[in-house]
Amino acid sequence: MAAAVARGCGGLWRRARQCGAGGPAPHGQRAVASSATGGAVSAGKSGLAPWVPVVGLEIHAQISSNSKLFSGSQVQFAAPPNSLVSFFDASLPGTLPVLNRRCVEAAVMTGLALNCSINKKSLFDRKHYFYADLPAGYQITQQRVPIAVNGSLSYSLCTGNKMSQMVTKTVRIKQIQLEQDSGKSLHDDTRSQTLVDLNRAGVGLMEVVMEPDMCCGEEAAAAVRELQLILQTLGSSQAVMAEGQLRVDANVSVHHPGEPYGVRTEVKNINSIRFLAKAVDYEIQRQIEELENGGTILNETRAFDSKLGCTVPMRDKEGKQDYRFMPEPNLPPLIVYDAKSLPANMNHQQVVNIDWIHERLPDLPSVKREKLVEQYGILPEHSFTLLNEEGLTEFYENVVKQTQMKPKKVIGWILNDLLSYLKQHSLTVKESPVSSFLLADLLNLLEKKDISSTAAKQVLAELWKGEGKTPLEIVKEKKLELIQDQKELEQICQAVIDGQENEVMAIKAGNQKVLNKLIGLVQRETQGRSNPVLVKQLLEKKLSE
């Protein structure tokens, strides 16, 4: 469960050290730190100017659509190999592309959400390269005139150890283009052979190209997480990285301040936000180490080895000339309209209307966070956590509706207790054995002072076992109700006072902090079944006599 609010860009060296073979030499370690509000990284050797890392991203998001971009083949994850392949997907001679309207609408919707200008006329191109899983020998994409350009994405990250120390940054979006996915090569090392599955061939993609406005792995990770939330909110992509629905290529370079950008390397097909942060930080450090040792940076494509924690060479980076771009002859220009440009005699159902899509945009994550803070009075950093974990916002709001406890107190139980249980057992919110209804019941018992907070935590631990018992049943079974008999509590308090002469003397001498120890002793004596507020009042009354 990755967080959209990433830590500040410090500690690059610590992460870079995780690499085994092929990484920078371990001697001469230096403090490498990059500020979330700046970009320079301190130099390793005295007298040298600091290094400035530069990070840009190219993100491929699979469009949520029942069929592929240019064919009617179904889109389904983990279907039997080569079971969802049309004649066009397999590039049989004479087959022609037919554009999927749903994919166009998803791209327009995403462009609007990312503050892009939508090109009313965009063009398709052929990008040639030869892999076994690309049967046509080219990919249909939008190189010259993409569907959306000149946007921006705002994201937040922490600059210190505290979640409250947050800054908001913005990365420019160069363009969003529609393109078809390739197939998938399956490598069988046991038999020394490679098999090709074309189920993914032709699936619709949106490529979101970000300008090189970031300076470290945490920034890249925070930007991608925010984009992922936006795509999921829009429904334009499910953006599940584990299923290859969101894949990231990171372009990384370093240079000295005032100098031109350095030679960049591309770290290809990163499929995890956590791995993205590690890959970028490692690559920054590798390049600094290489340059300071007199080496040169090659313009190459690299892969991230998650087991070793380092990047490894794949191939030389292709240039635009290698792809031999040309206009796609089988597709006309893609035309979209707005209210002003829509012809009067045009069938509205046959066109894509930018204004119609804009009017139906849902609340984006940034707006949802503002509403959560305003409605429930929670801290801004808590709103980030609620949105980061899928289903957690709905869970929290359901608990708030069903309990008498104030929303500010409920958030503590959600984030500190429920979320820690989920992460401890590697479960999602939907998989939680404790429903919002059960947690609300438990918090109501606590709010009515039927049980103490200590007892409530015990009940939550029992609920987590998923045995079908209600909080009240557990309370009665474990005898966790608060002691309501004040005379009984007074006797216990008096017994504690009688057995702690030194502490009593210290309290009467003015050291009120010692009173907490006596309260704790009463709690232990009652096995957490006493109200700490009432216990404090009784102790203070007896000590003043």
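**A first chat about this predicted model**

Reader: Are the residues of E5 buried or exposed?

Author: They are buried: Tyr138 and Ile140 point one way from E5, Gln139 and Thr141 point the other way, and all are buried. In general, side chains in a regular strand alternate between the two faces of the sheet.

Reader: Let me zoom out for a second. How many helices and strands are in the chain?

Author: The chain has 17 helices and 16 strands. Of its 545 residues, buried ones make up 50%. Here is one more figure for the whole chain: among contacts between residues at least 6 apart in sequence, 68% join residues at least 24 apart.

Reader: Good to know. What is the order of the nine strands in the other open sheet?

Author: The order is E2-E6-E7-E10-E1-E11-E12-E13-E14, and the pairing is mixed. Strand E2 (117-118) and strand E14 (310-316) stand at the edges with a single partner strand each, so one side of each has no neighbour in the sheet.

Reader: I keep looking at E11. Which strands pair with E11?

Author: Strand E1 (residues 52-62) pairs with E11 in the antiparallel sense over ten bridges. E11 also pairs with strand E12 (residues 265-270), again in the antiparallel sense, over four bridges.

Reader: Why is E11 described as largely enclosed?

Author: Because ten of the ten residues of strand E11 (residues 246-255) are buried, the strand is largely enclosed by the rest of the structure. Both faces are covered: one side has Leu246, Val248, Ala250, Val252 and Val254, the other has Arg247, Asp249, Asn251, Ser253 and His255, and all are buried.

Reader: Let's switch to helices. How many of the nine residues of helix H8 are buried?

Author: Seven of them are, so to picture helix H8 (residues 380-388), think of a helix that is mostly covered. The buried residues are Glu381, Ser383, Phe384, Thr385, Leu386, Leu387 and Asn388.

Reader: What do those buried residues of H8 pack against?

Author: They pack against two strands, strand E6 (148-158) and strand E7 (166-180). They also pack against helix H3 (217-234), helix H7 (365-376), helix H9 (392-402) and helix H10 (407-424).

Reader: Now H14. What span should its 13 residues have?

Author: At 1.5 Å a residue, helix H14 (residues 486-498) should span 18 Å, and its end C-alpha atoms are 18 Å apart, which agrees. The buried residues of H14 are Leu489, Ile492, Cys493, Val496 and Ile497. They cover an arc of only 140° around the axis, so they lie on the same side of H14.

Reader: Which residues are exposed on the other side of H14?

Author: Lys487 and Gln491 are exposed there. The buried residues, for their part, pack against helix H15 (501-508), helix H16 (515-525) and helix H17 (532-543).

Reader: One more residue: where is Asp441 found?

Author: Asp441 is in helix H11 (residues 436-447). With a relative accessible area of 28%, Asp441 is partly exposed. Its C-alpha atom is separated by 9.5 Å from that of Gln404, a residue 37 residues apart along the chain.

Terms used. Residues numbered from 1 in each chain as written. Predicted model: local features only at pLDDT ≥ 70, side-chain atom pairs only at ≥ 80, totals over all residues. Heavy atoms only, no water. Expected span 1.5 Å × (residues − 1). Buried < 20%, exposed > 50% of the residue type's maximum accessible area, 1.4 Å probe, protein only. Arc of directions from axis to C-beta. Contact = heavy atoms within 4.5 Å. Pairing = 2+ DSSP bridges.
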